[in-house]
Amino acid sequence: MFLRLLFVLLVALNIAVGAWLVLGQDDAHVRSVTDPGVPVLHLLTERPDLLAAASAPTPAASTPAIATSIAPVPAASSAAPTSPPAAASYRCMALGPFASLQALRSARSRLASQTARSRSRQEQSQQSRGWWVYLPAQASRTQALAQAQRLSDAHIGDYFVVSSGDQPNTISLGLFKDPANARKRRDEVAAAGFPAQMTERVETVPEYWLDVVVADDDPVAWSQRIRSLGVGSHSTGCF
């Protein structure tokens, strides 16, 4: 009877020990449900270190400062400096005189694309009309006609009595372009006993000029253009 009771007690003790081994161990000794060498999957809420890292500010804010500090040097700074282009030089010329205002306008139109600036102007000049040989004015028309008759008696022709203008009653003996011819005529009439004189006749006429400002890079070409216009030229003040 005693042995039977001892056997029952041992069986109950074994059962109690086995239950304690199975149910009484904490999770630290529970066998992993994953295969050996495979990391265990954890939720984000189970990783405090990952939560702290996610809530921390990212370093992107410092990126602009870094980018600014290492900004590349512009390529132009490494290039060799170039010399500025030389400034063009100009000269001012007066072309003329032109025979008419129309001739000046035509020349200005032809040269428009080759001048920096241009202007037209008109001046008054004294132009010789030739050399006049004459007998001084008489006191009256009658006396002038009588002197003309004496010229005819001396076989001196080519004359006429001036009846109007600023020198009436003067006897004109001719108007000559060449002063040598005028002197010859005067001397012939004077040799016949008449007080012949000679003087240059001048008149005020308009002159047309074109002032231009041109680049001083090809003076030979400009000389050819001026010759083609049939006028002269000289330097003038710039405008």
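The legends below walk through several close-up views of this predicted model.

**View 1. Six strands lie side by side in an open sheet.**
Reading across it, the strand order is S3-S4-S2-S5-S1-S6, and the pairing is antiparallel. S3 and S6 stand at the edges, and each has a single partner strand, so one side of each has no neighbour in the sheet. Strands of a sheet pair through backbone hydrogen bonds, and the pairing can be parallel or antiparallel. How many bridges join S1 to S5? There are seven, and these two strands run antiparallel. To find one of these residue pairs, look for Tyr90, whose bridge partner in S5 is Ala215.

**View 2. A disulfide joins Cys92 to Cys238.**
The model holds one disulfide, and here you can see it up close. The distance from S to S is 1.8 Å; a pair of cysteine sulfur atoms within 2.5 Å counts as a disulfide, so this pair qualifies. Which parts of the chain does the pair link? Cys92 belongs to strand S1 (residues 90-98), while Cys238 sits in the segment after strand S6 (232-235), and the two are 146 residues apart. The torsion about their S-S bond is about 110°, which makes the disulfide of Cys92 and Cys238 right-handed. Is Cys92 buried or exposed? Its relative accessible area is 5%, so Cys92 is buried, because buried means under 20%. Cys238, in contrast, is exposed, with a relative accessible area of 58%.

**View 3. A cis peptide bond joins Gly96 and Pro97.**
What is the omega of the bond between Gly96 and Pro97? It is about -5°, and the bond is cis.

**View 4. Asp211 is buried in strand S5.**
Asp211 lies in strand S5, which covers residues 197-215. How accessible is Asp211? Its relative accessibility is 0%, so Asp211 counts as buried. The side chain of Asp211 makes a polar contact of 2.7 Å with the side chain of Arg121. Beyond its neighbours within four places in sequence, Asp211 is in contact with several residues, including Met93, Ala94, Ser118, Thr236 and Phe239. Arg117 and Arg119 are also among the residues in contact with Asp211.

H6 has 13 residues, which at 1.5 Å a residue should span 18 Å; the end C-alpha atoms are 19 Å apart, which agrees. Which residues of H6 are buried? They are Ala144, Gln147, Ala148 and Leu151. What covers the buried residues of H6? The cover includes strand S2 (117-135), S3, S4 and helix H7 (179-191).

**View 5. His155 and Asn169 have positive phi values without being glycine.**
His155 follows H6 and lies in the loop between helix H6 (141-153) and strand S3 (160-161). The phi of His155 is near 60°. With 77% relative accessibility, His155 counts as exposed. Now look for Asn169, in the loop between S3 and strand S4 (171-176). Asn169 has a phi of about 70°. Is Asn169 buried or exposed? Its relative accessible area is 13%, so Asn169 is buried.

**View 6. The buried residues of helix H8 line one face.**
Our last stop is another helix, H8, made of residues 219-229. Its buried residues are Ala221, Trp222, Ile226 and Leu229. Seen down the axis of H8, they fall within an arc of 140°, so they line one face of the helix. Which exposed residues does the face of H8 turned away from its buried side carry? That face carries Val220 and Arg227. The buried residues of H8 are covered by elements including S1, helix H5 (101-110), S5 and S6. Just after H8 comes Gly230, with a positive phi of about 75°.

Note on methods:
Residues are numbered from 1 along each chain as its sequence is written. This is a predicted model: local features need pLDDT of at least 70, side-chain atom pairs count only at pLDDT 80 or more; totals for chains, interfaces and linings use all residues. Side-chain values use heavy atoms; hydrogens and water are left out. Helices (H or I, at least four residues) and strands (E, at least two) are DSSP runs, numbered from the N terminus. Buried means under 20% relative accessible area, exposed over 50%, partly exposed in between (1.4 Å probe, protein chains only). The expected span of a helix is 1.5 Å times one less than its number of residues. Contact means heavy atoms within 4.5 Å. A polar contact is a pair of N or O atoms within 3.5 Å; within protein, one must be able to donate a hydrogen and the other to accept it, and residues adjacent in sequence count only if both atoms are side-chain atoms. The arc is that of the directions from the helix axis to the C-beta atoms. Two strands pair if DSSP finds at least two bridges between them.
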